Amino acid sequence: MRAKITYLVTAAVLLFYFVLVGSRGVMLIQSGTVVTVTFGVAVLVLPVIGLWFLWKNTQFVRRANQLAAELDAEGGLPVDELKRTPAGRIDRDSADEVFARRRAETEAAPDDWRSWFRLAVAYHDARDTPRARKAMQRAIALHDGKPVQV
């Protein structure tokens, strides 16, 4: 729940920032000189890119959560079997061991979105966020029946 609140607060702050920057861009355009109009248009591009990025991330998180709920209903969510240090951090050897099993599971069933979901969790536990995201994107695409890029 804390992660959702943090995400919502961050999204609200970003939206406020985009509105603020966008209003400054409009003010620059309204000035009417070539330089200010050029700067105004350039300033308006930033909130548009930011809104697109925020929208894509929100869609990704929403879809990943839907897959997690579906997998949970099936009883297929990965069990947290990782060893932790006294400080609560995941033990690297433990994460590597679980990752190796998840990778083998995914290699055995490359068209199963469930195995890709579990592999994404293993990548995340191993602190490999880019690969975790790609694995989750693949799980989402397989679940939706979309063609998967290799």
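The model is predicted, so to speak of local features we ask for pLDDT of at least 70, and side-chain atom pairs count only at pLDDT 80 or more, while totals for chains, interfaces and linings use all residues. Residues are numbered from 1 along each chain as its sequence is written, and side-chain values use heavy atoms, with hydrogens and water left out.

Pockets first. A pocket here is an open set of points on a 1 Å grid over the protein atoms alone, where a 1.4 Å probe fits, with protein on both sides within 12 Å along at least five of seven lines; lining residues have an atom within 4 Å of a point. Points are joined across faces, edges and corners, and the volume is the space filled by probe spheres set on them.

The largest pocket holds about 860 Å³. It is lined by 21 residues, and A3, F60, V61, A64 and N65 are the closest to its centre. Helices are DSSP runs of H or I, at least four residues, numbered from the N terminus. Helix 1 (2-31), helix 2 (34-74), helix 4 (113-125) and helix 5 (129-144) each supply at least two lining residues, and helix 2 gives the most, with 8. By class the lining has 13 nonpolar, 5 polar and 3 charged residues. Nonpolar means Ala, Val, Leu, Ile, Met, Phe, Trp, Tyr, Cys and Pro; charged means Asp, Glu, Lys and Arg; the others, Gly among them, are polar.

The second largest pocket has about 700 Å³. Of its 23 lining residues, R133, K134, Q137, R138 and A141 are the closest to the centre. Helix 5 gives the most to this lining, with 9 residues. The classes here are 11 nonpolar, 4 polar and 8 charged.

Now helix 5 itself. Its 16 residues reach 22 Å from first C-alpha to last, close to the 22 Å expected, where the expected span is 1.5 Å times one less than the number of residues. Buried, meaning under 20% relative accessible area with a 1.4 Å probe and protein chains only, are A132, A135, M136, A139, I140, A141 and L142. These buried residues pack against helix 2 and helix 4, with contact meaning heavy atoms within 4.5 Å. Just after the helix, G145 takes a positive phi of about 75°.

Last, helix 1. With 30 residues, helix 1 reaches 44 Å, close to the expected 44 Å. Its buried residues are A11, F18, V21, G22 and G25, and they pack against helix 2. G32 follows helix 1, with a positive phi near 90°.

Technical notes:
Buried means under 20% relative accessible area, exposed over 50%, partly exposed in between (1.4 Å probe, protein chains only).
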